[in-house]
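Reader: Hi! Could you walk me through this one with me? I'd like to start with charges and rings.

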Amino acid sequence: MNSKIPVPHQPLVSHIYTADPSAHVFEGKIYIYPSHDLEHDGPDNDNGDQYAMEDYHILSLDNFSSPVVDHGEALHLRDIPWASKQLWAPDAAFKNGIYYLFFPARDHDGIFRIGVATSKSPAGPFKAEPDYIPGSYSIDPAVLVDEDDKAYIYFGGLWGGQLEKWQTGTFEPNPPELKPDQPALGPRVALLSEDMLTFQQEPQEISILDEEGQPILAGDEDRRYFEGPWVHKYNGLYYLSYSTGSTHKLVYAVSDNPLGPFTFKGTILTPVIGWTTHHSIVQFEDKWYLFYHDSSLSGGVNHKRSVKYAELTYNADGTIQTIDPYPS
């Protein structure tokens, strides 16, 4: 168990490695749904084989003056019939009086799919559905339950996340590489069914545009989508934030429609120690917070990461102030 009071820009827990934090306010507390990095010394490659996670632990905070609680194992690979390995970045949602955990994993053919598990408690444990969401693919699910109670799932990640292998609508093991002057691939979005277990529609690609209304290009690695979508609302607008991957930043774009198109606005978080960057944004009481991870606790090992948090500030025009993960 962990009993530390959280400190900005410091690991929330240090007894296990955690990454990819999805933070929500449920029942008046902050619940964080991270992935759980294993301690191993296996190979490190662009396919992501080093990210060999097998289970999820849920963390919670009564508030930022109270200790972080690890609620223990909430779901394990062995209890997911369709999954073969790699329980990567999850998210959670509440609807119909039920808590839903959405998670990616490889199926028995090695293809990433998205599954759902349910619980009566935000702390788990969660019971997985026997099969993945029909028509689901790739990684990094993030769910927004809007004010009208419609629930949207956003997902998709390049390289190890296999998103580029789905450009035709079916899995292509060796797709043609996008040219730098082609529009970048966007994340996918689908409306979830009322019971949250299936897509109501075919997933569609989200367009991310520059300020002139032109698509962000595949060669624009400072702004193009790579992985880790997160959508939150602020002052009636939808904010899509995501990782740029190879340039290691968290950036964001804004829209008045949950399906987009989104207009690129700027950088939320400058690069952290470690290759990956993945996050969530949540309002608690009257302040906003960014949850993210880095590899500082492990001395920079890419697959031994730790979840952190920082306060997030909006400017008067709705833009977000850039956060330095290592303030002096």
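Author: Happy to! This is a predicted model. In it, R223 lies over the face of F264, at 5.6 Å from the ring centre.

Reader: Nice. And how many aromatic pairs are there by the ring-pairing rule?

Author: The count comes to 29 aromatic pairs. Take F64 and F284: their ring centres are 6.1 Å apart and the planes sit at 75°, so this pair is edge-to-face.

Reader: Where do F64 and F284 lie?

Author: F64 is in the loop between β3 and β4 (69-76), while F284 belongs to strand β19 (residues 280-284), so the pair ties together parts that are 220 residues apart in sequence.

Reader: Are F64 and F284 buried or exposed?

Author: Both F64 and F284 are buried.

Reader: Which residues form an aromatic cluster?

Author: One cluster is made of F26, Y31, Y33, F94 and Y99.

Reader: Switching topic: what does UniProt list for "active site"?

Author: The UniProt entry, an unreviewed one, lists D41 and E205. They span 165 residues in sequence and their C-alpha atoms are 36.3 Å apart, so they do not gather at one spot.

Reader: Good to know before setting anything up. Where is D41, then?

Author: D41 is in the loop between β2 (29-37) and β3 (55-61). Its relative accessibility is 75%, so D41 counts as exposed.

Reader: And what about E205?

Author: E205 is in strand β13 (residues 204-205), and E205 is partly exposed, with a relative accessible area of 39%.

Reader: What does the side chain of E205 reach?

Author: It reaches the backbone nitrogen of G186, at 2.7 Å. Leaving out residues up to four places away in sequence, E205 touches A184, L185, G186, P187 and R188.

Definitions and conventions:
Residues numbered from 1 in each chain as written. Predicted model: local features only at pLDDT ≥ 70, side-chain atom pairs only at ≥ 80, totals over all residues. Heavy atoms only, no water. UniProt positions renumbered as here; feature names shortened; annotations may be inferred. Helix = DSSP H or I, 4+ residues; strand = E, 2+ residues; numbered from the N terminus. Buried < 20%, exposed > 50% of the residue type's maximum accessible area, 1.4 Å probe, protein only. Contact = heavy atoms within 4.5 Å. Polar contact = N/O pair within 3.5 Å; in protein donor to acceptor, adjacent residues only side chain to side chain. Phe/Tyr/Trp six-rings, centres within 6.5 Å; stacked < 30°, edge-to-face > 60°. Lys NZ or Arg CZ within 6 Å of the ring centre and 35° of its normal.
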